[in-house]
Amino acid sequence: MSLYRNFLSVGGWTVGSRVLGFVRDALVAAVLGTGFAADAYVAAFRFPNLFRRLFAEGAFNTAFIPLFAKSLEQEGEDPARAWASRIISWLVVVVTAVTILVEIFMPWILIPFVPGFLDDPQKFDLTVLLTRICFPYLMCMSLMAAYAAILNALNRFTAAAFAPVLLNIVMIVFMAPLIIGAPKTDVETAIWVSIGTLAGGVAQLAFVYAAIRRAKFVPKFVWPKFDSEVKRFWIRAVPAIIAGGITQVNLFVGTIIASGAPSAMALIYYADRLYQLPLGIIGIAIGTVLLPELSRHLAGKRFKEAEASQTQALLISMLLSMPAATALIALAQPIVQVLFERGEFTHAATIETAKVLIWFAAGLPAYVLIRVLQPGFFAREDTVTPTIFAGISVVVNIVLSLLLFPSLQHVGIGIATSAAAWVNTLLLGFFLYRRSHFVLPAAEWRRHAVIVAISALMAGVLYGLAMLMAPLFAANILVQLVALGFLVGFGMALYFALVHVTRVQPLGVLLKRLRRRPA
C-alpha cells in the first residue's frame, strides 16, 4: 500500500512549507502588525486565494483527477494526455477571462467583499491596489494546480508538495529588506509584500512546469472546443467550485463580516495561519494522495482496496488531527506569543488572536475529515452531493456569523466557521454510510474513541505545564522558543507513547507501513 509513503512525502514537504510559512507570517506581523495596512493586505491576499481554491484546487482537481485517472487506467498515456490538454486549455481561457475582468472592475467587485472598508476610503483604496497586484497570482496557481493534478495522478507527489516552499522563500527574501533596511510607511510595506506574493506564485509555477517536463507529460494548448468530454468535465467541475473549496468559502464569509470591525480581519488571518499548519500537513496531504488512489481503485473495480484506503486515511487523519487540535487549544496563547508578539504585534493582539485560534482548532478535525470523506464522492464522479452539503454549511456559517459577530466579533467568526465544518463533516459521513460506500467496523470506532480520550488527556497535561512555565514566556525570545519546543516535544512523546501502549496504533506497525514500497 503506497498511501502511507505518499502521505509522508506530501506531508513532509508541507511541514517544510508551513515552517517557512510561520517565518513569513512572523515577518508580516512584524512589519504590518494589525493596523489598516495589515487588514488591506489580508483582504487582498484572501481574494485571489478564494478563486485559487475554487478554480484550481476545488473545481479543477476534484473533477479532473477521477476522469484523468480513469482515462490513464483504461486507455493509456496518449489518450489521457490529449484529454488533459483539452481540459487545461479551457482552464486557461476561463481564468484569463476572469483575471482581466476582475482587474478592470476591481473597485466595484470588492465592495460586497469588504463592505466594512467603505467607511475608510484610505483602507479601501489600498485594498483595491493591493488586490490588483496580487490577483494575477490566480493564473499562476491555477496552472500549477493543473500540472500538479497530472503529477499526482501519475503518482508523482514531491514536486507539487515542494512548490509552496518556494512561495514562502520568495516572500521571506522580499521582506528581508523591510526588516534590516530603512523604515517604510505602512502603505509602502504592504505594496512590497504584495509584489513578493505575486513573485512567489511565478516561482511555484515555474518549478512545477519543470517537473511535468521531466515526466514528459506536458499538455499542449489547443483551441478550446465544447465537446462531450469537456461538457462532462464542467458538469462535475461547476458544483465542485463550492464543494472543493468550502473551507476557504467559509473563511471568506468570515472575512466579509469581519471587515466591519477594526483589526478583526488581521486577527482572524493570523489565527487561520496557525491552524493551517496541521490542516496542510494532514488534511491537504491526505486529500492529495487519497483522491487519485481511490479513483484508480474504483476505475479498476477494486472496491475492497478503495474502502481499505479510505479507512487508513481516516485513521491517519484522526491520529494526527485530534492531538493537533487539542494541543492548539491548550497552548493557544503561548504559541501566538512566541511566533508573533514583536514589532507592531502587541500583547493585546496575542490574547485576541489566541481566542480565535482556540475556536478554529476546535474545528480542525472536521476540516481534515472533510478532506478524507469528500474523495469518496469525487472518486465516484459525484460532485453534486458534497456541493449540497457544502451549501448547507455555508448557510450555517453565515447565520451563526451574523448572530455572533455583534457581541463576540472575531471570536464569533471562529465559532461559526468551526460549527459549519462539523455540519459538513457529519453530512458527508452519514451519506457515505447510508450508500454503503464507507462503513467503519466497530473495532475502528473504538480505536477512534481512544484517540479522542488520549488527545484530551495530553491537552490537559500541556495546559497545566504551560501554566507552571508562564514566567518563561515572559523572558527573551530564545527562552520562549526553548520552552515552547519543550511543551510541543513533551506533548508528542506523551501522545505517541499512549497510542502505542493502548495498541491504537503500535509504532512498529506504523513504521513498517511508512517504509513499505508501492506495489
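Modeller: What follows starts with the chain as a whole, goes through the helix packing, and ends with the aromatic rings and a few loop residues. The model is a predicted one, and every value below is computed from it.

The chain has 20 helices and 0 strands. Of its 519 residues, 57% are buried. Counting contacts between residues at least 6 apart in sequence, 85% join residues at least 24 apart.

Two packed helices are described by the angle between their axes and the distance between the axes. For helix H18 (residues 442–468) and helix H19 (residues 477–501), the axes come within 10 Å and cross at roughly 150 degrees. That angle makes H18 roughly antiparallel to H19, the cut-off for that label being over 145 degrees. The crossing of H18 and H19 is right-handed.

On the H18 side, the residues that meet H19 are Ile451, Ile454, Ser455, Leu457, Met458, Val461, Leu462, Leu465 and Ala466. On the H19 side, their partners are Leu487, Phe490, Gly491, Leu494, Tyr495, Leu498 and Val499. By residue class, the contact of H18 with H19 divides into 14 nonpolar, 2 polar and no charged. Ser455 in H18 and Gly491 in H19 are among the residues that meet there, and both fall in the polar class, since Gly is counted as polar.

H18 also holds His448. With a relative accessible area of 7%, His448 is buried, as the limit for that label is under 20%. If neighbours within four places in sequence are left aside, His448 is in contact with Leu314, Leu315, Met318 and Leu440.

H19 has a further packing partner in helix H13 (residues 332–340). The axes of H13 and H19 are 10 Å apart, and the two helices pack at an angle of about 140 degrees. H13 and H19 are therefore oblique to each other, because an angle has to be over 145 degrees to count as roughly antiparallel. H13 passes H19 in a left-handed crossing, whereas the crossing of H18 and H19 is right-handed.

In the contact of H13 with H19, Ile335, Gln337 and Val338 come from H13. They meet Ile477, Gln480, Leu481 and Leu484 of H19. The residues of this contact divide into 5 nonpolar, 2 polar and no charged. Gln337 in H13 and Gln480 in H19 are among the residues that meet here. H19 therefore meets H13 through residues including Ile477 and Leu484, and meets H18 through residues including Leu487 and Val499, with each residue counted as in contact because heavy atoms lie within 4.5 Å.

The aromatic rings come next. The count for the model is 11 aromatic pairs. In one of them, the ring centres of Phe377 and Phe389 are 6.4 Å apart and the planes stand at 80 degrees, so the pair is edge-to-face. Phe377 lies in helix H15 (residues 364–378) and Phe389 in helix H16 (residues 384–408), so this pair ties together parts that are 12 residues apart in sequence. Phe377 and Phe389 are both buried.

Phe430 and Phe431 form another edge-to-face pair, because their planes stand at 85 degrees, with the ring centres 5.4 Å apart. Phe430 counts as partly exposed at 44% relative accessibility, and Phe431 counts as partly exposed at 22%. Ring pairs link Phe377, Phe389, Phe430 and Phe431 into a cluster.

Some loop residues complete the account. Gln409 lies in the loop between H16 and helix H17 (410–434). Although Gln409 is not a glycine, its phi is positive, at about 50 degrees. Gln409 is partly exposed, with a relative accessible area of 36%.

Lys216 also has a positive phi, of about 55 degrees, and is not a glycine. Lys216 is found in the loop between helix H8 (186–214) and helix H9 (228–243). Its relative accessible area of 69% makes Lys216 exposed.

Phe105 sits in the loop between helix H3 (77–104) and helix H4 (106–109). At 40% relative accessibility, Phe105 counts as partly exposed. Phe105 and Arg132 are 27 residues apart along the chain, and their C-alpha atoms are separated by 10.0 Å.

Notes:
Residues are numbered from 1 along each chain as its sequence is written. This is a predicted model: local features need pLDDT of at least 70, side-chain atom pairs count only at pLDDT 80 or more; totals for chains, interfaces and linings use all residues. Side-chain values use heavy atoms; hydrogens and water are left out. Axes are lines fitted to C-alpha atoms, for helices over the stretch in contact, and angles run from 0 to 180 degrees between N-to-C directions. Helices (H or I, at least four residues) and strands (E, at least two) are DSSP runs, numbered from the N terminus. Angles under 35 degrees count as roughly parallel, over 145 as roughly antiparallel, 65 to 115 as roughly perpendicular and the rest as oblique. A crossing is left-handed if the near helix is turned anticlockwise from the far one by less than a right angle, and right-handed if clockwise. Rings of Phe, Tyr and Trp (its six-membered ring) pair if their centres lie within 6.5 Å; planes under 30 degrees apart count as stacked, over 60 as edge-to-face and the rest as tilted. Buried means under 20% relative accessible area, exposed over 50%, partly exposed in between (1.4 Å probe, protein chains only).
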